[in-house]
Amino acid sequence: MSEVWDAATYDEPRRRLVPCFDDFYGVVGELVVRSCPAAARVLDLGAGTGILSATIAERLPAARFHLFDGSESMLAQAQRRLAGREAHFTVALLTDPLPAGPFDAIVSSLAIHHLHDEEKRDLYERALERLAPGGLFLNADQIAAPTPELDALYRALHLDRARELGSDEAEVAAAVERMRVDRNALLPEQLEWLHSAGFQHVDCFWRWHGFAVFGGGKGR
Ligand SMILES: C[S@@+](CC[C@H](N)C(=O)[O-])C[C@H]1O[C@@H](n2cnc3c(N)ncnc32)[C@H](O)[C@@H]1O
């Protein structure tokens with residue numbers, strides 16, 4: 001995995017670079033609160049500095065977390081963010097075996113789009129195996145646009161939003177450079193992969209152009 005993330009500078013520009021930041025992460029938090037027990041066991045895939053886990057922890061203080069990421073420095077930052085919470089940290093690739101679980105929720109944000117499509121599909125299948133009956137899988141991620149015209153539109157809307165929120169041209173250029181290695185997949189295909197893997201209640205729960213929160217549940 002190439003280290004494109006600098007843990008020291010990752011957090012500060014997030015609210016400018018992730019459009020609708022509060023909704024994007026908050027929808028995952030809301031759905032986990034609705035679906036999981038108070039002491040939910042939560043696995044965060046590609047957890048980075050722990051923004052998503054912390055969003056869930058604010059709403060579900062007794063939840064127990066397992067943060068999984070290929071970057072030791074990003075997880076070290078997450079460890080500081082989640083100090084005082086019950087949390088485990090594993091440095092590993094998303095293509096490596098997942099922690100045994102079972103988990104009440106498996107969540108991910110802005111990480112799975114780094115995988116090849118076959119790896120995404122395989123990860124969805126392996127996530128279902130690690131969920132407890134009735135458990136929930138949610139991926140808040142970038143998605144591919146169905147046509148080049150829409151891709152250009154979504155990209156322009158994203159970058160204009162970042163500028164409105166205060167990103168300067170250097171920050172926009174750095175974001176564009178990082179996005180060159182993205183492997184975004186179409187939303188309908190990913191929903192179909194979740195269906196095929198055996199998830200129930202598969203849906204897209206929130207979307208803003210090239211950003212979506214989607215997932216499904218495991219049968220009881
Ligand atoms: C854009 S950051 C997202 C971090 C966090 N989930 C968030 O929402 O802020 C992408 C994260 O995915 C991790 N990542 C990317 N590809 C990975 C892989 N193949 N295996 C494990 N982690 C990976 C990176 O180390 C990084 O922490």
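**Notebook: strand S4 and its surroundings**

I began with S4 and found 6 bridges joining S4 to strand S5 (residues 131-142), the two running parallel. For pairing I required at least two DSSP bridges between two strands. Strands here are DSSP runs of E of at least two residues, helices are runs of H or I of at least four, and both are numbered from the N terminus. The model is predicted: local features need pLDDT of at least 70, side-chain atom pairs count only at pLDDT 80 or more, and totals for chains, interfaces and linings use all residues. Residue numbers start from 1 along each chain as its sequence is written.

From S4 the chain passes through helix H6 (residues 117-130) to S5, a right-handed β-α-β crossover. Right-handed means that, with the strands pointing away from the viewer, the path from the first strand over the helix to the second runs clockwise.

Next I checked strand S1 (residues 41-45). S1 and S4 run parallel, joined by 4 bridges. Leu-43 is paired with Ile-106 in S4.

I then asked about burial in S4 (residues 103-109), and 7 of its 7 residues are buried. Buried means 20 or more other C-beta atoms within 10 Å of the residue's own, exposed 12 or fewer, partly exposed in between, with C-beta atoms placed from the backbone.

Last, helix H3 (residues 21-35). Its buried residues are Phe-24, Tyr-25, Val-28, Gly-29, Leu-31 and Val-32. The buried residues of H3 pack against elements including S1, S4 and S5. Contact means C-beta atoms, placed from the backbone, within 7 Å.

Terms used:
Two residues are in contact if their C-beta atoms, placed from the backbone, lie within 7 Å.
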